[in-house]
Amino acid sequence: MGNPDAAALVPGCPICYNTGELDKGKGREQEMETVRIGIVGIGNMGSAHAAEIFAGHVEGLCLGAVCDIREDRRRWAEEKLPGVPVFASYEEMLASGGLDALLVATPHYLHPDIAICGFESGLHVLSELSLIHISEPTR
């Protein structure tokens, strides 16, 4: 974690270029941690998350990549999220490296398999539902 190296910076992402901030409470410079997050599924919820993170509205997050199986959604991402890598599958996105975390914004029945792949890739995973209720392998 911490600030990504130059090769992992996402053009246009205000968070990726932040080198630190002044901790006014303690009067000393404190380095910010930047989490590079990938979003699986950029439909209704995923595109809203992507737009907010890309705009820098979520402190400490940088949009590292997005993926969707639908071509029209990938075209939307290429247009609205310039410089952010876009993939057709989460497997490709995970294999590309450069992420610290994964946000799963797909239909609910797909969350367990994607989340498990994210964990197996060493990532932190955010799923908007409790996996324990829908899949034995997540236990």
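**Figure 1. Contacts across the whole chain.** Take the contacts between residues at least 6 apart in sequence: 56% of them join residues at least 24 apart. This is a predicted model, and the elements run β-β-β-α-β-α-β-α-β-α-β from the N terminus on. That gives four helices and seven strands. Of the 139 residues, 43% are buried. The protein exposes about 7,800 Å², with carbon and sulfur atoms supplying 52% of that area.

**Figure 2. Confidence, and the start of the chain.** Average pLDDT for the protein is 80, and 70% of the residues score at least 70. Residues 1-30 are another story: here the pLDDT is below 50, though the stretch still has 59 contacts in the model beyond near neighbours in sequence.

**Figure 3. The R70–D72 salt bridge.** Here R70 pairs up with D72, and their closest N and O atoms sit 2.8 Å apart. R70 counts as partly exposed, at 38% relative accessibility. D72 is partly exposed too, at 36%. The structure holds five salt bridges, and this pair is one of them.

**Figure 4. E71 and R75 on helix α2.** Both residues belong to helix α2 (residues 71-80) and lie four residues apart, about one turn of the helix. R75 has a relative accessible area of 47%, so it counts as partly exposed.

**Figure 5. The K80–E79 pair.** The side chains of K80 and E79 form a salt bridge, with 3.6 Å from N to O. E79 is exposed, at 58% relative accessible area, whereas K80 is partly exposed, at 45%.

Technical notes:
Residues numbered from 1 in each chain as written. Heavy atoms only, no water. pLDDT = per-residue confidence, 0-100. Contact = heavy atoms within 4.5 Å. Helix = DSSP H or I, 4+ residues; strand = E, 2+ residues; numbered from the N terminus. Buried < 20%, exposed > 50% of the residue type's maximum accessible area, 1.4 Å probe, protein only. Areas by Shrake-Rupley, 256 points an atom, 1.4 Å probe, with all protein chains shown as cover. Salt bridge = Lys/Arg side-chain N within 4 Å of Asp/Glu carboxyl O.
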